[in-house]
Each structure stands twice: as C-alpha cells, then as structure tokens.
Amino acid sequence: MAGLALAWLLYGRSSALPKPLRFALALLRTVTVAMILWLLFSPLIRQVSYILEKPIVIIAQDNSQSVGHIMPAGFDSVKYNKELRQLSEELSEKYDVRVYSFSDQLSQGLDFSYKGKLTNAAAFLRRLTDEFMNRNVGAVILATDGIFNRGGNPSTDIEMLKAPVYTIALGDTVPKKDVLIANVNANDLVYLDNDFRIEVQVQAYQYDGGQTKLTVLEDGKKIYEEQVKIKGNAFSATIPVQLKATKLGQHRYTISLSAIPGEIAVKNNVEQILIEVIDDRQKILIASAAPHPDIAALKQAIVLNKHYNVSVLMNEELLKINPKDYGLIVLYQLPGLQLDARGLLESIEQANIPLWYIIGAQSNISEFNRQQDQVNLSAGNNSLQYIYGDINKNLSAFDLDSASRKVIANFDPLQVPFGQLRVSGNSQAILNQRIGKVRTNNPQLFFMNANGRKTGYLIGEGIWKWKLTETAENTQAPVFNGLIGKVVQYLTVKDDKRKFKVYPAKNTFDENERIVVNASLYNDSYQPVNTPDVNLQLKDEHGKAYNFTFSRFESAYQLDAGVLPPGSYRYTAGTTLGNQKYTTSGSFFVNAQQAEFQQTVADHQLLYRMSARTNGKMYAPDQLLKLKDELEKSGQLKTLSYEDRKYEEMIGLKWLFVLILLLLSTEWFIRKRNAAQ
C-alpha cells in the first residue's frame with residue numbers, strides 16, 4: 001500500500017510521460033518501495049535441505065601374532081588376504097566402509113604382518129563406540145581367532161554399536177602338541193642370604209605320558225633343574241622352585257622348558273623375570289657399662305627381626321669398635337658413673353650414627369648434658385622417682401592399635417633420676433611422663449632430629465618389667481616387642497637426602513610398553529628445581545648406547561624413551577647445578593612379551609556368541625565373498641536421510657540487494673531517457 005501510494009503521488013498526474021510508460025514506472029516504484037519497507041519487519045526465510053548418510057560397514061582384522069603363527073590345516077593365507085581386500089572394495093561401491101587392523105595398537109587399513117604382541121579387542125571396540133555412537137553403522141565384520149589376552153571380553157562393548165556383528169573365525173580350534181610357561185609368580189624384592197621361592201605354572205597339551213625339563217638360569221648361569229612329567233592331554237601344574245639370594249643387585253632369572261617333538265610353538269617355553277637382592281640387615285650395638293635385665297629384654301625384642309644383628313659390648317670392648325659399622329647404637333646409661341665413654345661418644349659424633357639414649361640410676365647426668373645439647377636433665381642429687389608412661393595422643397612417628405595402647409597404659413613405672421627435664425627443639429613423643437594419676441607434658445620416650453641424625457631418648461630404667469607385665473596380662477599380642485621394634489625401625493630407617501634422583505617408573509617393562517624415566521633435582525635448600533638440562537645415556541646388554549634429554553615436567557623431569565627391544569638396560573644420568581655436577585646410574589629390564597603364545601587354541605565359541613547376541617553370523621575364512629550377499633539380504637544396511645532446517649534473515653540475501661538496485665537503476669534510466677523530472 002505504501003508503494004502504491006508513493007507511485008501514485010509520483011506518476012498519477014504526470015503528463016510528461018506516455019500513459020503506458022507511466023504505468024511501467026509506477027510498477028517499478030511500487031515493487032521497489034514495498035521491498036525496502038518490507039525489510040523493516042526483519043522477515044525470516046526457512047530453508048530446508050536433506051543430507052544422505054550411507055550405511056557404515058566396519059571391517060576389523062586381528063593383526064596379532066597368534067593369528068599369523070597358528071593356522072589350521074588347509075588355510076590359504078594369500079587367498080584370504082586377497083578376498084578380504086576384494087570384499088572391502090566391493091562393499092565400498094555402495095557403503096561407507098571403514099577398515100582397521102588391531103592388536104596391542106590400532107591402525108587404519110588392512111595389515112597382515114601379524115606382529116602384534118597382544119590382542120586388545122575391547123580397547124578397539126571402545127574407540128569405535130566413541131567414534132560411531134549414534135551413527136548409521138550397518139554392520140561390523142570382525143576377523144579374529146577369539147583369543148583376547150588384554151582388556152577382557154569385548155562382547156559388552158560391541159553391543160553398544162547396535163549393529164549386527166559378522167565374525168570371521170580365524171585360527172585353529174584343534175589342540176596342538178605344546179608345552180608352555182603360563183605364569184611365573186615371584187617377589188620383585190628379596191633380601192641377601194634369604195631363601196625365596198618362585199612358582200612356575202607349567203601347561204602341556206596333547207603330550208600325555210611325556211616329560212619336559214624345567215631349567216632356571218640366574219644371569220645366564222644354571223642354578224636349578226627339574227624333570228616335569230606330563231599327565232594328561234590338558235596338563236597344568238604349579239612347580240615351586242626354592243632359590244637363595246647370594247649376591248646383591250638386580251638379577252635376571254630365565255625360566256625355560258625344554259622343547260618337545262612336534263611342538264607348535266617354542267616361544268612360550270621361556271619366561272624371564274627380574275629380582276632385586278638387597279641387604280637391609282643392620283648391625284645394632286647395645287653399649288653399657290654393666291649388665292642389666294633391660295639389656296636382655298632389649299636384645300630379645302630386637303633380634304626378632306631377622307634383618308637386625310645385635311651386639312652387646314661393655315667397658316673396654318667399646319674402645320675397639322668402629323661406629324660406622326653400626327646402623328644404630330643404643331647407649332644404655334652411658335655416659336655412666338662407672339664409665340663416661342667419652343672417647344666412644346666422640347667417635348660416634350664424628351660418624352653421625354643414629355643414637356638411642358636410655359637414662360637410668362647409673363647415668364652420669366652432668367656428662368650426659370655436656371655430650372649433647374638437645375635434652376637437659378637438672379638432677380642435683382642421686383634420688384630417684386617412679387614415673388609411668390602415658391601414650392601421646394598426637395603420636396605421629398608410628399601407629400599403635402587400640403589393644404596395644406591399653407597394654408602400654410598398664411606398664412609398670414620406670415626409675416627416673418629426680419630433676420627437671422628440658423627439651424630444646426622439636427621432639428616426637430611416644431610416651432609422656434605420668435606421676436601417679438597426674439599427666440604431664442614432659443616426654444618419657446621420644447625422638448629428635450638434629451643435623452640429619454635421628455636420636456631417641458628413654459628417660460627411665462626398668463623396661464624389663466614391661467615385658468613381665470605384658471606376659472601376665474596379655475599373652476596374645478607381643479606389645480613390648482612390637483614397641484621396641486617400631487622404635488628401632490624408626491631410628492634405623494635412613495632418609496634419602498640425595499639432591500639428584502633418577503628412577504624408572506618400574507624396574508621391569510613389557511616389550512610393547514613405553515619406557516618412562518623420572519628425575520628430580522634439589523638445590524641446597526632441598527627445593528625442587530628443573531632449570532638445568534638433564535641428560536641420560538642408555539646402554540643395552542650389547543653395549544649399544546642411546547642418548548636422551550629429559551623434558552621438564554612441573555618442578556621435576558620426565559623422559560619417554562619409547563618402546564625398546566627386550567633385554568637388560570643400564571643408564572647413567574647427569575646434570576650440573578651451579579658449580580656442582582651430579583651423576584647417578586641404575587638399570588631396568590624389558591621383558592619379552594609372550595602373551596600371544598600362552599593360548600594357542602582359537603575360541604570360536606566366543607565369536608559365535610558375539611554374532612548371535614547381535615543378530616549377526618559367524619563365517620569361515622573361505623566364505624568371505626558370501627558375506628556381501630548376506631549383508632544386502634539382511635536389510636540392515638539402509639541409507640538414512642536427515643532433514644536440516646534453518647532460518648535466515650531476508651536482509652542478508654545478497655541477490656535481494658542486487659534486485660532492488662536493478663529496479664531503481666532501471667527506473668532512473670527510463671526517466672532520464674524520456675527527460676522526466
């Protein structure tokens with residue numbers, strides 16, 4: 001209406017133009033004005049488009065070692081490879097075909113190298129689920145032998161795709177003659193001169209009545225041998241092997257079974273493990289001026305731990321010792337009234353050996369106060385008092401269960417030199433002093449740490465009575481022995497004060513596992529820094545060297561050395577902080593992965609169940625080309641059409657701008673040509 005009104009005002013009464021021309025120009029003006037005014041209402045235009053999605057067909061080929069090395073009689077691998085490629089090409093003409101190869105890793109395309117060390121179908125199917133969830137997946141073609149040694153049964157994961165699964169049954173279901181080491185159980189850490197046991201699980205198939213030889217090598221030297229008799233065609237037995245740790249360090253143990261005639265695979269006859277032998281036994285000295293029942297009680301409690309070797313020395317014998325030979329020295333009432341042991345204490349001070357002072361009636365208190373500056377006991381006379389022990393509620397050095405706390409609360413009091421106790425510095429109290437029923441904050445059994453040396457203090461003698469009290473009231477739990485053992489353990493544990501540390505994520509890696517090595521560097525204030533570069537040289541057992549530089553990771557370092565061949569490796573790492581150079585070394589072991597040969601019989605029953613649960617079918621390898629017809633007949637592969645609607649503002653249409661400009665230009669040209677004003 002606005003366009004008509006404006007056109008009538010402009011051309012309705014004009015006599016300068018012929019009537020037909022006026023009508024034409026009025027029409028142009030009406031349309032142009034109407035279009036411009038219409039844009040003020042911001043009109044929207046609905047656009048509808050349709051997207052077609054072809055059905056997706058997923059073809060997955062098992063590329064693990066078990067598929068390539070264990071094949072049934074009459075299986076033509078060349079023909080199978082050719083037909084699977086042909087099937088993929090023919091299906092690609094009508095469908096969206098995605099082709100994968102899986103084992104311990106996943107790759108796109110068909111790979112028939114069969115080098116995979118593991119078969120993890122579950123991880124592969126989880127990735128498919130993430131990628132194709134709610135997509136038009138028409139079918140999954142899974143070619144495998146059903147031997148999945150990582151990730152568990154993939155049936156649940158494959159059902160999430162909501163598509164029929166057609167399995168191609170590879171491998172051989174007929175048991176073959178074979179002996180193998182199914183598993184080896186052993187501790188990674190053993191102690192020097194201790195006996196330890198490894199358990200070897202031996203399995204044998206189709207070799208009833210035969211025998212094989214079990215051999216164990218330590219660093220290449222034979223240390224054990226045993227004949228294993230096979231009973232039955234499906235034989236399994238766990239063979240215990242008793243060994244002795246005679247040398248410190250990491251040792252590689254090779255467990256092997258002798259091959260039998262006609263054996264299908266010999267790679268599963270060998271297994272290697274790495275065991276570290278350490279010597280944490282420590283010599284503990286109980287030094288005293290004279291015999292005492294407390295000393296016997298202490299020794300009996302400490303020697304219960306076989307990693308401690310306890311010596312009791314008195315008087316002149318103490319002058320002959322080297323304090324550095326001991327991990328802990330217990331000074332029982334030393335310095336004493338009969339023996340001040342000044343020379344011994346000076347040598348201990350220089351050696352920086354952990355100490356445990358036990359103060360009693362025969363202690364020389366003034367000399368004790370002079371020898372150390374952490375604890376001061378102001379005892380002016382030789383009088384004694386009886387002090388009970390009260391468990392510190394804020395105990396943090398170690399744990400004591402509720403039953404032990406009840407027993408300790410009933411321990412007899414100790415004889416303590418009368419005087420005032422002062423402690424300089426931070427202390428960790430295990431027991432506080434209790435006088436009758438009055439609890440105090442003065443510690444009775446406590447720890448201190450000065451200049452990196454741990455020191456224990458027990459104020460009082462008569463702990464042999466604690467053991468008698470326990471025997472009378474608590475015959476089930478050895479609380480006294482446990483308490484003394486915890487005290488000794490706390491004092492003998494050495495803190496790691498190294499400023500440069502390099503350590504692999506584990507001592508033994510699998511063959512297909514990435515080697516990760518961590519490192520940390522500390523300045524003089526023991527604050528972590530990672531400013532300087534850290535280099536590492538890695539050498540295998542043949543002397544081949546690999547050089548690496550660590551990456552900085554937060555306030556530390558980390559190195560990913562990738563995947564390495566099986567064998568023993570030693571590393572040397574170094575860095576420079578300021579003017580100080582640091583180096584450290586170590587070793588780790590890469591174990592050959594034999595999981596693909598632990599089971600040689602294909603599990604076609606599992607494949608059949610997977611197909612049946614998803615409305616698919618299982619096919620033999622020679623039926624591959626029939627699968628195309630089955631897919632087309634199933635009706636599962638349908639193209640889906642998705643409607644896409646969207647709204648767009650009309651003012652954004654460029655062609656509309658061009659049209660308006662064209663109408664205005666045409667009107668202007670006609671008016672100028674006919675000399676209209």
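**Figure 1. Aromatic pairs in the predicted model.** In this predicted model, the number of aromatic pairs comes to 19. One of them joins tyrosine 357 and phenylalanine 368 in an edge-to-face arrangement, with 5.3 Å from centre to centre and 75 degrees between the planes. Tyrosine 357 belongs to strand β18 (residues 355-359), and phenylalanine 368 to helix α9 (residues 365-371). The two residues stand 11 residues apart, and their pair is a link between distant parts of the chain. Tyrosine 357 and phenylalanine 368 are both buried.

**Figure 2. An aromatic cluster.** Four residues are shown in this view: Phe75, Tyr80, Phe112 and Tyr114. Together, Phe75, Tyr80, Phe112 and Tyr114 make up one aromatic cluster.

**Figure 3. Lysine 283 and tyrosine 326.** This view presents a charge placed over an aromatic ring. The ring is that of tyrosine 326, and the charged end of lysine 283 sits over it, 5.2 Å from the ring centre.

**Figure 4. Lysine 454 and tyrosine 490.** Here the ring belongs to tyrosine 490. Over this ring sits the charged end of lysine 454, at 4.7 Å from the ring centre.

**Figure 5. The largest pocket.** The volume of the largest pocket is about 530 Å³. Its lining consists of 24 residues, and those nearest the centre of the pocket are Glu271, Gln272, Ile273, Thr508 and Asn591. Three strands, β7 (178-185), β14 (270-278) and β27 (508-510), each contribute at least two residues to the lining of the largest pocket. Strand β14 provides six residues, the largest share of this lining. By class, the lining of the largest pocket comprises nine nonpolar, 10 polar and five charged residues.

**Figure 6. The second largest pocket.** For the second largest pocket, the volume is about 290 Å³. The pocket is lined by 16 residues; Asn352, Pro354, Gly452, Lys494 and Asp495 are those nearest its centre. Two or more lining residues come from each of the elements β25 (453-459) and α12 (479-492). The lining of the second largest pocket divides into five nonpolar, five polar and six charged residues.

Conventions:
Residues are numbered from 1 along each chain as its sequence is written. This is a predicted model: local features need pLDDT of at least 70, side-chain atom pairs count only at pLDDT 80 or more; totals for chains, interfaces and linings use all residues. Side-chain values use heavy atoms; hydrogens and water are left out. Rings of Phe, Tyr and Trp (its six-membered ring) pair if their centres lie within 6.5 Å; planes under 30 degrees apart count as stacked, over 60 as edge-to-face and the rest as tilted. Helices (H or I, at least four residues) and strands (E, at least two) are DSSP runs, numbered from the N terminus. Buried means under 20% relative accessible area, exposed over 50%, partly exposed in between (1.4 Å probe, protein chains only). A charge sits over a ring if NZ of Lys or CZ of Arg is within 6 Å of the ring centre and within 35 degrees of the ring normal. On a 1 Å grid over the protein atoms alone, a cavity is a set of points where a 1.4 Å probe fits but cannot get out, and a pocket is an open set with protein on both sides within 12 Å along at least five of seven lines; lining residues have an atom within 4 Å of a point. Grid points are joined across faces, edges and corners, and a volume is the space filled by probe spheres set on the points. Ala, Val, Leu, Ile, Met, Phe, Trp, Tyr, Cys and Pro count as nonpolar, Asp, Glu, Lys and Arg as charged, and the others, Gly among them, as polar.
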